[in-house]
Structure formats: C-alpha cells, structure tokens
Amino acid sequence: MSITISTADLSLAKKSGALLFFTDSKLKFTGLLNKADKDTGNHLKTIMDATKFKGAKSSVCLWATPHAEFSHLLCVGTGEGKNTVSDFRKAGLNAFKKANAEGVENLNVVLEIPKNTKLDVVDAAAAFAEGLKAAAYKFDRFLTGEKKKESSLKKVKMLCTEHKRLKGRLALTDALMDGQNLARDLVNLPPNIANPDLMVKTAKDLGKEFSKEGLKIKVLGEKEMTKLGMNMLLAVGRASKYESRLIIMKYMGDKSSDKVSAVVGKGVMFDTGGYCLKPGASMAGMKADMGGAAAVMGMMKALAARKAKVNVIGVCGCVVNMIDEDGFLPSDIITSYSGKTVEIGNTDAEGRLVLGDAMSYIIDKESPDEIIDIATLTGACMVALGGSYAGIFSNNDKMANRLIASGDKTGERLWRLPIDDAYAAPTKVADLNNNGAPYGGASTAAVFLKNFNGDLPWSHLDIAGVGMAGKVPGNADVEGASGFGVRVLVDYLETNK
Ligand code: BES
Ligand code: ZN
Ligand code: ZN
C-alpha cells in the first residue's frame, strides 16, 4: 500500500475510489465535505442520516455508494473531547481493515480534523498513516496459490491543506513503520529460517543499505566471545548447531553531542527451555523469544532511515536454547564477563544470562551514557500485565518517566514494576542465581539484570506479553508479531537527547 499526498482539493481525489472523512459525534459537515455534499445534492448527508453511526472515537463506518462519484464513503469518528495520536493510529488500523474487507482499492482521505480533537492535522495524519501501514502488513511469504491473496487496498491519497509539512512527516512515518515491519518479519519467521545467521545477515544488509548514514556493524562469534569470557551467553547457545552471535550496530547521527545510548535485545531465536524443558504448550510460541533483538534491529533501521540526530548502539545477543550432550545444566556455576559467578537454577531462565553478558560487554567497550534492554523475559510479566502494557523496570525515575511518556505517545505503553533486592533468587554457592520465583518473577529477573547495568541509568523492558498477538487481552491490534519496541524506543531516543 502506498500513500500519496495532494492539496485539499476534492477534484484531485481519485474518482471511483472511496472517500474517507472525519467527524465528531455531532456528525456535522464542514469544509470540503460540506462542499462535496452540496455538489452531490446532499447525497452524503442522506446516507449518514440513515445510519446509527454515532461518530465514537476511532470508530469507522463504511457505506457502499455505487451510484455516486465515489464507490464508498467511510466516516471516522473523533467522538467528543480531546483525541490522542493513539486514537488516530487506532482509526487508521480500523479504516484499513474495513476498506480492505470491502474490496476498496483506492482510498481518498479528506484530512480535515474536527476541532474537538485539539490535534495538529499533521500529527493526526501521521498517526493515521501509522495505523494504515500497521494494518497493511502481511506475513504471507510461505503461502502459495489460493491462500496467497493480495490486499485489495493499494493506494491511499491524503488531501490536506498542510500537504508540504505532511510530506516530510510521512517520509519519517514510512521509515518508522518499515523498521517496525522488519521487526515483525523477523519474529514471524519460523525457527528453521530465523537463526543467529539470519540476524547477522539482516544486520549486514542494513549496514550496506545505510552505509551513507554511517551505520556500522560488528559481529562477534563464539571464538571471540570465548576469549572475552562471555560465558553466560555462550552457555545458553552451546547445545545448538548454530553459532551464537553478538551483533553490534553503531549509528552516530549526532556529531554535536557526546551522549550515546545503548539498547540491548534478547535474541533467543528459539527457547526450548534447555534441560529444564518447556512443556509443549509453553514451547509453542517460543520462536518469538527474539522479539527484543528484532525490535533493536527494526529500531536501528528506522533511526538510520530517518537520519535521526542521535547516537545509538544497538546490540543483539543471538542464540538458540537447545538440548544436547554439551548443553548447560541446572547447578552449573558460570563466571560471567563481568566476573560475577552465577549458579544455574534453571536453564529456561536463559534470557537474563544472554542480556547480562551483552550489557556488560557493551558498557565495557563503548562506555554508553545510558542503557536500555528489551526482552521477552518472563511469563510472570505476561501474567501481571497481559498484552496491553509491557513492563518497565528502572533505576532512574527520570529515564523511566520519559520512556513511559514515549510509550503513551506511540501506543506502545509501559507500566512500571518494582525492583527490590527482596526479589533476588537466593544461592549459597555463587554470587547470583539465575532462577525465577513462584511469585514476582518479572522482578526477580530485573533484579538479576541490575547486576550488569554498570550503575548507569538503566531501564529494562519486559515485552513477553506484547510481542505476539495471542490469548492475552490487549495485544490483538495486529495479527502475529507486533514489532513492539520500535516505536517507543525511536520516540524516546529522538526526544531525549
Ligand atoms: N522466553 C521465556 C519467557 C516468555 C514466556 C516469553 C512466555 C514469552 C511468553 C523465558 O526464557 C522463560 O522461559 N522464563 C521462565 C523463567 C523461569 C524458568 C524462571 C518463565 O517465565 O517461566
Ligand atoms: Zn526460557
Ligand atoms: Zn526465553
């Protein structure tokens, strides 16, 4: 689906396509719509009057108008009172689904935003476009024949008085959503294809695509990591036929600033649980256990494509948690890159091991000013928050509040959960234990990670419940992988420099 922009002139709209407009709950026609209505002998008004549509926020109503100038009319409600950009994102999702289901091929969007929204038209339009693009994404590369069906909605034209300003913004939206869709692809891909090598290839391809923007890629393999003593990460990947990898993606887009942020993603390409084997039902979704690394890659792509004025190092720890003779065992004691020793309480609590070493390494080598990690880390976080919020844990209130604000703005919402030493898993034989706890397990994982944050301002995002549409409430906006993290991280990094 492509989006083009034109001036606010209805004669430029694609005739025989559908016409979409926004109204508040009073369903009043103003501006272009009023004119269009008059031109068609109050045709629009007559159709609107014959329905029960109430113009509620983000709701979409569609009428087929076979004898009119436009094949369909779509009305998007803005309800009463202020709207947020998330309301418009949701409206974009709903509008795509409705129009596409009706076989609409061309959609003209009249960008006159009712006053009650109190939104800038370009902000509203960009969020609406985000929703359209998120809904238009499909993971269909393994479908053939009848099952592979193209979307009908292929072209969207936005008619807007602020068309020049909108053009610049939509290019940024495109870059953002392309980054998010890359993350979604990586998560949706099956584990027989999405292995650490694929992550390396994806990163290197990005490095080539954005070499002009200065995106630099470095990859560590098992040999280098063994020398470095990254034994926690290596232990997790040891039973896999795929080599474990650490991918480092460096983008220095702001030469005028010294500030560097590091973002580390959990890339467990598949999590069987290891010798603490997951039961079949829990293992089923574990191809998505690399959602954090996928988000980091999507984020780097988006930042580079947006030529963002930020300095960011993205790190992906990519391993497969498998079983064989060489696999790590419960009760093993491992010395981490940081020197702290860890008793393996559970081989299924592997994400914190991968992240711990990846965080220590990047802090040691690059001395970033702040660090964020993002991971499908605990079932406990999914139990606590379902699919509407990811968990955020932080040692820094300012940073946490800024991330939460970015989450509210971008619709990838974060809810703060506690870190407290009382949650730490006990051990008598090592410095730390990677085990979980029957209660408060998301905090137990966060307390473990705290040991590897180098005392920097740090935030940990647990995205276990929000990465994949599933049976948890609140994450069914899109099908399959959501690419959660790309939007909130890009916004946070770009607005807090
Ligand atoms: N990858 C899982 C967490 C997960 C669960 C992500 C459900 C997405 C959906 C993680 O590695 C894991 O297995 N965690 C265990 C920790 C426990 C063994 C201490 C968990 O949450 O049960
Ligand atoms: Zn696990
Ligand atoms: Zn895992």
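Axes are lines fitted to C-alpha atoms, for helices over the stretch in contact, with angles running from 0 to 180 degrees between N-to-C directions. Helices (H or I, at least four residues) and strands (E, at least two) are DSSP runs numbered from the N terminus. The model is predicted, so that local features need pLDDT of at least 70 and side-chain atom pairs count only at pLDDT 80 or more. Residues are numbered from 1 along each chain as its sequence is written, and ligands are numbered from 1 in the order in which they are written.

The axes of helix 11 (residues 351-366) and helix 14 (residues 441-450) cross at roughly 25° and come within 9 Å of each other. Helix 11 is therefore roughly parallel to helix 14 (angles under 35 degrees). In the contact (heavy atoms within 4.5 Å), R352, L353, L355, G356 and M359 of helix 11 meet T444, A445, F448 and L449 of helix 14. By class, this contact of helix 11 with helix 14 has six nonpolar, two polar and one charged residues; Ala, Val, Leu, Ile, Met, Phe, Trp, Tyr, Cys and Pro count as nonpolar, Asp, Glu, Lys and Arg as charged, and the others, Gly among them, as polar.

Donors are N, O and S atoms within 2.8 Å of the metal (3.2 Å for Na, K and Ca). The zinc ion (ligand 2) lies 3.2 Å from the zinc ion (ligand 3), and D271 coordinates both. D271 lies in strand 9 (residues 261-271) and E350 in the loop between strand 12 (341-343) and helix 11, 79 residues apart.

How values were computed
Side-chain values use heavy atoms; hydrogens and water are left out. Angles under 35 degrees count as roughly parallel, over 145 as roughly antiparallel, 65 to 115 as roughly perpendicular and the rest as oblique.
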